[in-house]
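Biologist: I have a model open and would like to learn how to read it. Can we take it feature by feature?

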Amino acid sequence: MFTHAAPGALDHPLKPDLRVGFLLINHFTLISVAGLVESLRFAADESFSSRQIFCQWEWMTCDNQPVIASCGLQVTPTAPLDLDAHWDYIVLAGGLLEETRNPPGWLLEAVCQLHARKIPIITLCSGSFILGNAGLLNGRQCAIHFTTRDEFRQRFPWLYPLLIKVTLMTEASLPAQAERQLTWRQI
């Protein structure tokens, strides 16, 4: 985490306006995570210095060990798994379905506890399967990736999945469009 300001820039450490905990599920989809964290990175500092001043985030994994993105990139956690810490948002970064179809019971309990504490939960890619398995999407609409539509509907026929389809796009809208296509659900 970048915490040091340029000499003379800050006389005292600032409390960030926003703290985000990313829980990277093994074989997570890198582009979804990259799109979100790049938006946070731009909001976190001034002058493209990439310091985590106004916004901070940590990378966590289910077992505090490195995980592999679906593209093969290995990512090492920057913090131990602690869903009880003070987070403004928790991001469940899913990817390949074999990792999110049947999440462990402790994870389902943990996301239910986050929800009970009114911590907003953002799911990326197949992370929506975790919330579906936890029962947190019951009676709600949720955005899903088009490649998971059939299985999602099979597993959760009582839920209301939405597919996002883009017909026109300009270069300037690509980052914003990518961000909107992430499976964002604040519950």
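Biologist: How many bridges join strand 1 to strand 5?

Modeller: This is a predicted model. Five bridges join strand 1 to strand 5, residues 89-93, and the two run parallel.

Biologist: In what order do the strands of the open sheet lie?

Modeller: The order is 2-1-5-6, four strands with parallel pairing. Strand 2 and strand 6 (121-124) are the edges; each has a single partner strand, so one side of each lacks a neighbour in the sheet. On average, neighbouring strands are turned by 20° against each other, direction ignored.

Biologist: Which strands does helix 2 lie across?

Modeller: Helix 2, residues 105-116, lies across strand 1, strand 5 and strand 6. Its angle to strand 6 is about 135°. Helix 3, residues 127-134, lies across strand 5 and strand 6, at about 130° to strand 6.

Biologist: Now salt bridges. How many does the structure hold?

Modeller: Six. To read one, look for a side-chain nitrogen of Lys or Arg within 4 Å of a carboxyl oxygen of Asp or Glu. Arg51 and Asp45 meet this way at 2.7 Å, N to O.

Biologist: Are Arg51 and Asp45 buried or exposed?

Modeller: Both are buried. Now turn to Arg117 and Asp84, whose closest N and O atoms are 3.3 Å apart. This pair links distant parts of the chain, 33 residues apart. Arg117 is in the loop between helix 2 and strand 6, and Asp84 is in the loop between strand 4 (74-75) and strand 5. Arg117 counts as partly exposed at 36% relative accessibility. Asp84 counts as exposed at 60%.

Biologist: What parts does the salt bridge of Glu151 and Arg101 tie together?

Modeller: Their side chains meet at 2.5 Å, N to O. Glu151 lies in helix 4 (residues 149-155) and Arg101 in the loop between strand 5 and helix 2, so the pair ties together parts 50 residues apart in sequence. Glu151 is buried, with a relative accessible area of 18%. Arg101 is partly exposed at 27%. A network of salt bridges links Arg101, Glu151 and Arg155.

Methods. Residues numbered from 1 in each chain as written. Predicted model: local features only at pLDDT ≥ 70, side-chain atom pairs only at ≥ 80, totals over all residues. Heavy atoms only, no water. Pairing = 2+ DSSP bridges. Axes fitted to C-alpha atoms, helices over the stretch in contact; angles between N-to-C directions. Contact = heavy atoms within 4.5 Å. Buried < 20%, exposed > 50% of the residue type's maximum accessible area, 1.4 Å probe, protein only.
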